[in-house]
Amino acid sequence: MLLIGVLISGCSFQAQTPAPVVSLNSPVKKTYHRGGLTSEQYKVRKGDTLYSISWAANKDFVDIANNNGLKQPYTIYPGQVLNLNFSKSKSNRQKTDLSKKNQTKVATKNTNNVKKQLVKSTSSAATENTIVAKKSLDQYKKPAYSETTSQQNINEVIHKPHSVLPNKVYKWHWPVKGKLISRFSANEQGNKGIKIAGSRGDRIKAAADGRVVYAGNALRGYGNLVIIKHSDDYLSAYAHADKILVKEKQFVTAGQTVASMGNTGTNQVMLHFEIRYHGKSVDPLKYLPKT
């Protein structure tokens, strides 16, 4: 009788506390911290973008792209191995910029030479034209005026398509309205952006025109995160969102809603906002308009 009672009580306990269901076929989604990728190589996983990898490696996406022979729009594939080890003394971007400067100097020098030659040839041609014109005026008392039959495009306006990023950010806008609760810190372990308090569901807006290059939650400590590319120089990030309202590769305009405020990855409803210049975190308050 005692044994039967124990078995009954055991069955009763199991019925009240069902065992957790674990699917062996469901892949465990890996996450990584900002700056957490310190290895020399990285194997691309599903959902990664070059920008999320550069964010996690704390490197400039242009450097990683150049180092791996990637061309715009920097498409990567699951299983692809990226080399994250390159010279710290001079980045690929710096080498590229230096090369462009040298090319500009050469082009300017060549242009000046061409201009000098054109001035000489123009002046000699003008002298010849003057002589011919004098002869013509001697022959005819009234000069003949010719009309141009070809069409001329005067002040032709070329509209750039919305799918092209600007060369630079002309103006930054505050992503949300709220109380500033944490400022930027340049210390190694310091806050790499600013934190703004708000209410759940508040609209988070793009700080400038750009294209969404990451929308997900693989970066640990950021929760639901949106990264926007504004130019080859600037990126901005919007972390801890409740809901992401844009998709990767989508173009957005300044002030457009990209997410709603929440507390994913943190214990308080807020927005963590970052701006990166050439892969390095900078103080957003130096870019945002004064309030």
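# Salt bridges, cores and strand pairing in a predicted model

The side chains of Asp232 and Lys229 meet in a salt bridge, with N and O 3.2 Å apart; a salt bridge here is a side-chain nitrogen of Lys or Arg within 4 Å of a carboxyl oxygen of Asp or Glu. This is a predicted model, in which local features need pLDDT of at least 70 and side-chain atom pairs count only at pLDDT 80 or more, while totals for chains, interfaces and linings use all residues. Residues are numbered from 1 along each chain as its sequence is written, and side-chain values use heavy atoms, with hydrogens and water left out.

**Overall make-up**

- The protein chain holds 4 helices and 12 strands; these are DSSP runs numbered from the N terminus, helices being H or I with at least four residues and strands E with at least two.
- Of the 291 residues in the protein chain, 32% are buried; buried means under 20% relative accessible area, exposed over 50%, and partly exposed in between, with a 1.4 Å probe and protein chains only.
- The accessible surface of the protein chain is about 19,800 Å², and 53% of that surface belongs to carbon and sulfur atoms. Accessible areas come from the Shrake-Rupley method with a 1.4 Å probe, and for residues only the protein chains shown count as cover.
- Among contacts in the protein chain with a separation of 6 or more, 62% are between residues 24 or more positions apart; contact means heavy atoms within 4.5 Å.

**Salt bridges**

- The whole structure has 3 salt bridges.
- Arg200 forms a salt bridge with Asp242, with the closest N and O atoms 3.7 Å apart. This pair links distant parts of the chain, 42 residues apart: Arg200 lies in the loop between strand 4 and strand 5 (203-205), and Asp242 lies in strand 8.
- Arg200 is partly exposed at 46% relative accessible area, and Asp242 is partly exposed at 27%.
- Glu274 forms a salt bridge with Arg276, with 3.8 Å between the closest N and O atoms. Both Glu274 and Arg276 are buried.

**Nonpolar cores**

- In soluble globular proteins, nonpolar side chains tend to be buried together.
- The largest nonpolar core has 29 residues, and Leu50, Ile53, Leu225 and Ile227 have the most contacts inside it. A nonpolar core is a set of buried Ala, Val, Leu, Ile, Met, Phe, Trp, Tyr and Cys residues joined through side-chain atoms within 4.5 Å.
- Two or more residues of this core come from each of helix 2 (50-57), helix 3 (61-67), strand 6 (210-216), strand 7 (224-229) and strand 8 (234-244). Helix 2 gives the most, with 6 residues.
- A second, separate core has 27 residues, including Ile194, Ala208, Ile275 and Leu288.
- Leaving aside neighbours within four places in sequence, the contacts of Ile227 include Tyr51, Trp55, Val213, Leu235 and Ala237.

**Strand 11 and its partners**

- Strand 11 (residues 270-277) is mostly covered, with 7 of its 8 residues buried.
- Strand 11 runs antiparallel to strand 4 (residues 194-197), joined by 4 bridges; strands pair if DSSP finds at least two bridges between them. Ile194 has Phe273 in strand 11 as its bridge partner.
- Strand 8 and strand 11 are also antiparallel, with 6 bridges, and Ser236 stands opposite Ile275 in strand 11.
- Strand 12 (residues 280-282) pairs with strand 11 in the antiparallel sense over 3 bridges, where Tyr277 stands opposite Lys280.
- The hairpin of strand 11 and strand 12 has 2 residues between the strands, and His278 takes a positive phi near 55 degrees there.

**Aromatic pairs**

- The whole structure has 8 aromatic pairs. Rings of Phe, Tyr and Trp (its six-membered ring) pair if their centres lie within 6.5 Å; planes under 30 degrees apart count as stacked, over 60 as edge-to-face and the rest as tilted.
- Tyr51 and Phe61 form a tilted pair, because their ring centres are 4.9 Å apart and their planes stand at 50 degrees. Tyr51 in helix 2 and Phe61 in helix 3 are 10 residues apart. Tyr51 is buried at 4% relative accessibility, and Phe61 is buried at 3%.
- Trp172 and Tyr287 form an edge-to-face pair, 6.1 Å centre to centre with 75 degrees between the planes. Trp172 is buried at 6% relative accessibility, whereas Tyr287 is partly exposed at 25%.
- Trp172, Tyr234, Tyr277 and Tyr287 form one aromatic cluster.
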